[in-house]
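Me: I have a structure to go through and I'm new to it. Can you show it to me and take a few questions?

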Amino acid sequence: MQVAIGGGGYHDMPLPAYRFAPQAGTSHSIYVSSLSSTRARSCLFTQRPLFSPIASRNMSSIPVKQKAFVVPKTGGREVLEFEDTPVPEVSTTQILVQNEYAGLNFIDSYFRSGLYPASTPYVAGGEAAGTVVAVGSSVTKFKVGDRVAWLGSGAFAEYSAVDEGGSVSVIPEDIDFKTAAASLLQGLTALSLVKDAYEVKSGDWILVQAAAGGMGLLLCQLINNIGAHAIGTVSTPEKAALAKSAGAEYVINYTEDDYVKKVLELTDGLGVHAAFDGVGKATFEGSFSLVRRKGSMITFGNASGAVPPFNVARLSQKNIKLLRPTRGNYMATPEEWDFYTSELWKAIADGSLKITVYKVYPLEDYRSAAEALETRLSTGKVVLKC
């Protein structure tokens, strides 16, 4: 039996809801699918129906137009367009956030390239932090002036409309916008991996591929905090030092050493209790070979491409558990979302989880920022100043 395991990304929500679902609080379901008029273009970029009822407050000082990065069609970074787009109008159940910072993630490139389906054109980006500047008439959880971090769509813009009941959290006073934008998606992902995907225990041996990346640095810290042994793979001496400083007990430069051989030496030939692999196609087989009997193989990203179809009979060789999780399915209820965001903010505030920002780029330099991330030049998180 063959199964494809490279499909939906760890960070994404199911489509089409991710881009163009009907807005809560309205019965309309008519969506535009062309750019035949200015009004149609506005509705596409704000992800709302042509005739959605708008009920909002405090809109007088909000501009009509904004700068945003638009993906007009699938392709590489060259298709990105920095242009004027309409500032979203909030529905009755939405808040309007003036973004201060936005975080880059590999999933941005998956949608842009067509690896994951998305209706074009759309405003790029899925993670940001900023200030609430308007609220819909039915909103009760947030107010104008709240500092929030959120996940969704349309983040690489000056303003974004966010559903009140979506993935949005008030930022504690002792955490700044940049840290919040740099930590929300990857921080929640890392926490769910070590708590739910495989519950890491003290004394466990854990492999972390790409240990100097944004996700890798967070995983190494969390694993170290638990008292487990983190083995990280990296590509340069500089990245090795960074992973080591984040808590990786052992670091292997795979450009110099055979990491499979080294991991087996470190674990007395037994392999690791769990492998966390966000690289995908290039490292899956190596990671899988290092999982010990009754261990867990967690593949959660496609940085090098999607993992090819896999013969599940191979799991029986060592009774291995194979998981391709999505963050959203660990935080599908308000209670789960509140639990994980509370854990994240607490860990950042008490210093047990440090957020490493590789570089902050101005919004207009998103192409350069995306290149740094997608070519694996960056270490830590790449952030845009909106």
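Me: Before that, what kind of model is it, and how are residues numbered?

Reply: It is a predicted model, where local features need pLDDT of at least 70, side-chain atom pairs count only at pLDDT 80 or more, and totals for chains, interfaces and linings use all residues. Residues are numbered from 1 along each chain as its sequence is written, and side-chain values use heavy atoms, with hydrogens and water left out.

Me: OK. How many salt bridges are there?

Reply: The structure holds 10 salt bridges (a side-chain nitrogen of Lys or Arg within 4 Å of a carboxyl oxygen of Asp or Glu).

Me: What does Lys381 pair with?

Reply: Its partner is Glu127, with the closest N and O atoms 2.9 Å apart. Lys381 is in strand E18 and Glu127 in strand E6 (residues 127-135), so the pair ties together parts 254 residues apart in sequence. Strands (E, at least two residues) and helices (H or I, at least four) are DSSP runs, numbered from the N terminus.

Me: Are those two buried or exposed?

Reply: Lys381 is buried, at 1% relative accessible area, and Glu127 is buried too, at 0%. Buried means under 20% relative accessible area, exposed over 50%, and partly exposed in between (1.4 Å probe, protein chains only).

Me: And what about Lys385, which residue does that one meet?

Reply: Lys385 meets Glu100 in a salt bridge (3.3 Å, N to O). This pair links distant parts of the chain, with Lys385 in strand E18 (residues 381-385) and Glu100 in strand E4 (residues 94-103), 285 residues apart. Lys385 is partly exposed at 33%, and Glu100 is partly exposed at 23%.

Me: Switching topic. How much space is in the second largest pocket?

Reply: About 480 Å³. On a 1 Å grid over the protein atoms alone, a pocket is an open set of points where a 1.4 Å probe fits, with protein on both sides within 12 Å along at least five of seven lines. Grid points are joined across faces, edges and corners, and the volume is the space filled by probe spheres set on the points.

Me: What lines it?

Reply: The second largest pocket has 33 lining residues (those with an atom within 4 Å of a point). Phe106, Ala210, Gly213, Met215 and Ala303 lie nearest its centre.

Me: Which element supplies the largest share of that lining?

Reply: Helix H5, with four residues.
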